[in-house]
Amino acid sequence: MIWKQLELTGWGRSSRAACRVARPERQRDAAAAVVQADERSVLAFGAGRSYADTGLNTGGAAVLTERLNRILAFDQTTGEIVVEPGVTFRDLLEVFLPRGFLVPVSPGTAYATIGGAVANDVHGKNHEAVGSFGHHVRWVELLLPSGDIVRASPEERPDLFAATIGGIGLTGILLAISFSMTRVPSNAVALREQRVRNLDAFLDALKNEGEKAHFSVGWIDALAGGRSLGRGILETAEPSNEEIAERRRKTHAVPMDCPGFLLNRWSVKAFNALYYRRFARRERRRRLAYGRFLYPLDALLDWNRLYGARGFHQFQCVVPFEAGALALRQLLDAVRAGRNASPLAVLKTLGAAGLGHLSFPMPGYTLAVDLPRKRGVEDLLAKLEAITLDHGGRIYLAKDSSLSAEGFARMYPKLEPFRAVLADIDPDGRMASDMARRLQIRDGS
Amino acid sequence: MTGDTWLILGGSSSVARAFAFEVALQGADVLLAGRDTEDLARTAADLTIRTGREARALEFDATAYDTHAQFVETCRGMAERLDIFLAFGIMPSQEETDRDFGLAKAMVETNYLGAVSILDRLAPVMEAQGRGHVVVLGSVAGDRGRLRNYLYGSTKAALHTYLEGLRARLYRSGVQVLTIKPGVLDTAMTWGLPRLPFPATPEVFARATLAHVKRGREIAYVPGIWRLIMLVIRSIPERFFKRTDI
């Protein structure tokens, strides 16, 4: 296996890691890479779409999965599929949507890998209806730090399975993942977009309409305050029975790092105001192809460069429904008071808890905001963490860059069983990441 | 397999995989030949699922010369009409082969003798077929012996010369022989090397190569800029070239 020294970054580009990197093209080489990393710690690295240090391992070894990207089996009658970890949502959309199958759960970008979807137990706009990615996984084939290759499923080694779903890569390197694709009647959704004038109205709408709809997601203007606090657009959608003609989707690249000052609170305010009024009436209905609906930001490649060379943080938490309105109000107030320009924030509901020990989802409201990396952002993130903790909420590891070890332990009650699995399969601590070190995931202290 | 079938020799590399995918997209079936049949079977499954074409894995060892005749028989039994993409080769560093003649020998045996052995046996099949394509992976390293990489370069230079003759022979039966000279490809072979100029992804390589096949070309550089680069490098007089360390 050939190694080279590289700097890898998280999608927010505020976290960076120099490490030795291998890029195996077959399973045998992936196994060799883990063995050859010797005394170094190892971590798999997929498409680099988690935001901060989840996928990074400074000073250790990284195994890129981008060329382990084959579809190994597909059953046209049941929709059961087996893929290598580097297969992306985009691959699956292109191959299977024309045949009437869709990945059951999609994160906000199609460039993410299926390996990453398992490691972060990702959720989508249909979480209340279908759960998170882990709910659809039938089994995984895992290369353990010992070099052994084992299979884990809800029936076979369930402890290892629960540690691997949402386990941010710490149980080993995924070699194959089996899950079930969903049959869809067409290539499009019937989408309804409605303007919602403030937070209370938003929560009502999410409850009344969001719960009934198969897909639902809200975009809110995190800079609007006063009576307009929490105003935004609620999107609800159902699988459509009618096909629509789909031209090849045009993508535009962000050619360079934008100067940081372009995204200031005035420009963002103007953008958000325009976005809020992007259709003339209170409500708009249309049909939209799955690709555009599920992955709206993918039209703009490398959009993370909009935040300039310094990068940005993303904060996403979930708070229980009971705490909902108050918690969200406090979070949005803090973001506004931080004067940290955040274009579009996302608000939606989550349903059942995930199957993994470190799965993020639990029933409640989830809020996600981008926070450009500038002075004061650390304090703001600490404040958001405190509010989340106060209300019994939880922060999403795939996006987190600043959570404290104590906060983490309080938010994730199944940390102990997770640690027990690691102690069993990886007593020497061969698998590691910058996030695991920051959150002291391994040490019991 | 009926219709056109591409036989990919050395099917595990990323370049071979990308090329197999391109031809399958265009409607051909694929035979993937190599030593790691378990890995080839995975690629074959992937190709079939993605493109709907038939794909199979076959065991093939470039240096097991006495198995080649039987191998060609097997291929003939499986496919109605064959096109060939020869993609195998190894590239240990010059320092490694300087130290270890065993490695030097293995490289000559794989890159040159292995290619000669299998192409000699396939040539009559192609002649009988009276049409088709033989695409062979050469290298810009074969265009000039360089301090850093001359043993590898010499195996490719020998291969280029062999292909010139094979081209003349198969031309008489209406079969194209295309020597592809990749510059820098972003593959496992070049992963550990310092940053190289104009790297092409396997996908870009595969599409460009197939375009050259369709145009009926004899020798092609991929990416095309390497034709120019090698023109310059070849034109430097030996008296000066020997002082360089490129």
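In which loop of chain A is Tyr295(A) found? Keep that residue in mind while you look at the structure, which is a predicted model. Tyr295(A) sits in the loop between α8 (290–294) and β17 (300–301) of chain A. Is this tyrosine buried or exposed? Tyr295(A) counts as buried because it has 20 C-beta neighbours inside 10 Å, and 20 or more is what a buried residue needs. Leaving aside residues up to four places away in sequence, Tyr295(A) touches Gly108(A), Thr109(A) and Ala110(A). Now try looking from Tyr295(A) to Gly407(A): 112 residues separate the two in sequence, and their C-alpha atoms are 31 Å apart in space.

Let us step back to the domains. Chain A is divided into domain 1, covering 71–184, and domain 2, covering 188–408. Their C-alpha centres lie 24 Å apart. Where the two domains meet, 27 residues of domain 1 of chain A are in contact with 27 residues of domain 2 of chain A. On the domain 1 side that touches domain 2, α4 (127–130) and α5 (158–164) of chain A each supply at least two residues. The largest share, three residues, comes from α4(A). Sorted by class, this side of domain 1 has 11 nonpolar, 13 polar and three charged residues.

Next, follow chain A to its partner. Here 14 residues of chain A are in contact with 13 residues of chain B. On chain A's side, strand β5 (residues 71–74) gives the most, with four residues. The residues of chain A that touch chain B divide into seven nonpolar, no polar and seven charged. How confident is the predictor? The complex gets an ipTM of 0.92 and a pTM of 0.94, while chain B has a mean pLDDT of 95, with 100% of its residues at 70 or more.

Finally, have a look at some details of the backbone. In chain B, the peptide bond from Val222(B) to Pro223(B) is cis, with omega near -10°. You can find Pro223(B) in the loop between β7 (219–222) and α8 (225–235) of chain B.

Back in chain A, Arg13(A) has a positive phi, near 60°, in a residue other than glycine. Arg13(A) belongs to the loop between β1 (4–9) and β2 (16–22) of chain A, and it is buried because 21 other C-beta atoms lie within 10 Å. Gln440(A) is not a glycine, yet its phi is positive too, at about 50°. Gln440(A) lies in the segment after α13 (434–438) of chain A. With 15 C-beta neighbours inside 10 Å, Gln440(A) counts as partly exposed.

Terms used:
Residues numbered from 1 in each chain as written. Chains lettered and ligands numbered in written order. Predicted model: local features only at pLDDT ≥ 70, side-chain atom pairs only at ≥ 80, totals over all residues. Domains from an automatic or database assignment. Contact = placed C-beta atoms within 7 Å. Nonpolar A, V, L, I, M, F, W, Y, C, P; charged D, E, K, R; others polar. pLDDT = per-residue confidence, 0-100. Buried ≥ 20, exposed ≤ 12 C-beta atoms within 10 Å, placed from the backbone.
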